[in-house]
2 protein chains.
Amino acid sequence: MRWLKFTADGKTSWGVVEGDRVVAVDGDPFSDHKRIARSHALNDVKIELPLVPRTFYCVGLNYLKHLKEAADRRGEVPAVPDRPEVGYRAQNALIAHDEDVVIPASATEKIHYEGELVVVIGKTAKHLTPANAMDCVFGYTIGNDVSERTWQKADRGLWRSKNADTFKPMGPWIETSADLASMETIIRVNGKETYRFRTNDMIFGVVSFLVEMSKYFTLWPGDVVWMGTDGTSPDLKHGDVVEIEITGIGVLRNRFVREKA
Amino acid sequence: MRWLKFTADGKTSWGVVEGDRVVAVDGDPFSDHKRIARSHALNDVKIELPLVPRTFYCVGLNYLKHLKEAADRRGEVPAVPDRPEVGYRAQNALIAHDEDVVIPASATEKIHYEGELVVVIGKTAKHLTPANAMDCVFGYTIGNDVSERTWQKADRGLWRSKNADTFKPMGPWIETSADLASMETIIRVNGKETYRFRTNDMIFGVVSFLVEMSKYFTLWPGDVVWMGTDGTSPDLKHGDVVEIEITGIGVLRNRFVREKA
């Protein structure tokens, strides 16, 4: 099932995508809800950010090629993580599908995409085991962990480099049934494929992260865990349109524009 | 004015503290609200977490003595920050005044308090200037940035060391009028004073942080910025009660208990 947050006729609500239409739902996917008679053509609605997570988790280094690239940038030998350690991103930076990523006027030209699988938590959970960890997963969406690489070298805690306003596009919807093993992540800039990787080729997978995180953290419905990215990105410039496709979920598309100084 | 979130007779609402009573308010301090006739003795109500921020900002190193202690722990020479850089904490870790900090069974004995001034944002703001930065401040509360120092050395991005469940007590209420220059932060363990510092003796003050952060981030009503701490903490053990007092605001009190293995 494909859950979409959308606005039509001035009204924002959840809905379920069926083919090229969205059927409105009263309530939300994490609690009581029921389908209502209203439906719209997908093309006629504004796609909204699916949710603002209570806690916004994000895995830093979880794919081998990306790890090597990050180490090269720092002039270091890549060190493969020996345990699943999670990080955080800032809610202020979230935007929806088709909204613009605004590159701050003071940013350098080293603006990169990172296409990521996003795990959406559906149930309150702590002390998960490998056997039951997936029970707390509601579904999956797509994230673009936009990064300013010059700031990333200089910033303590990645504060600006990863979290400037609009740097965290997420969407377009939440897909509840997905076969991780068969998924591919495909990234296109201005319609041209720039990178492709097997989505589940992670150093530590979804189960490992949920088990480790939930030793210390209570996961809440609507929390998200961005699972990291593989490979590299060209420097993105004003007007570029980036699409992150994850097969079985959909396509997250955003234009990049540079803020006027 | 002193805004308190509280529960009485099974009902949770905002209220205004007047002497030893709280007068209930319909609505919330960030939007429409009005006082209602209901009031309670402060002693009779359960004090709740004032809010869950949309984005949870926290300054790492902002006082000279604490900076030196942190550097000593790493066996390094202290480097004084040359610009106001902010970090993040996780919403899952927040608890209210008088709720217990639960030390995970797997934690070492290096459990420390950090008493911090918390700035509560009241208005949506971006690109603040030194002249108007304080206009977006709604008020102040108190935070205890509980830290597991052994994990802090080992963790990437402080993920467990600062953000395990219950590691972020905040409260007891939000005070809207405060004279930063005259405030003192006083920390007591089991009633005995262990540290005291001038709250505003920051390397970078509230205005500097708000101006720098809002170059990149939109601040939202209910966002919080924890301003860092000074000095050191003894190792806290099962049963210890920590009070963080900030003169002009109040006292945040929490007991520390160790989770059974």
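Visitor: How is chain A divided into domains?
Guide: The model is predicted. Chain A has domain 1, covering 1-48, and domain 2, covering 49-258.

Visitor: What distance separates the centres of the two domains of chain A?
Guide: Taken over C-alpha atoms, the centres of domain 1 and domain 2 of chain A are 25 Å apart.

Visitor: How many residues does the contact take from each domain?
Guide: Domain 1 of chain A gives 10 residues to the contact, and domain 2 of chain A gives 17 residues.

Visitor: Which strand provides the largest share of the domain 1 side?
Guide: That is strand β1 (residues 2-8) of chain A, from which four residues come.

Visitor: And what is that side by class: nonpolar, polar or charged?
Guide: The side of domain 1 of chain A that touches domain 2 has seven nonpolar and three charged residues, with no polar residues.

Visitor: Changing topic, in what sense do β15(A) and β16(A) pair, and over how many bridges?
Guide: Strand β15 (residues 184-189) and strand β16 (residues 192-198) of chain A are antiparallel, with six bridges. V189(A) of this pairing stands opposite K192(A) in β16(A).

Visitor: What lies between the strands of that hairpin?
Guide: Two residues lie between β15(A) and β16(A), and N190(A) in this hairpin takes a positive phi near 50°.

Visitor: Which strand pairs with β15(A) over five bridges?
Guide: Strand β18 (residues 241-246) of chain A does, also in the antiparallel sense. Here I186(A) stands opposite E245(A) in β18(A).

Definitions and conventions. Residues numbered from 1 in each chain as written. Chains lettered and ligands numbered in written order. Predicted model: local features only at pLDDT ≥ 70, side-chain atom pairs only at ≥ 80, totals over all residues. Domains from an automatic or database assignment. Contact = placed C-beta atoms within 7 Å. Nonpolar A, V, L, I, M, F, W, Y, C, P; charged D, E, K, R; others polar. Pairing = 2+ DSSP bridges.
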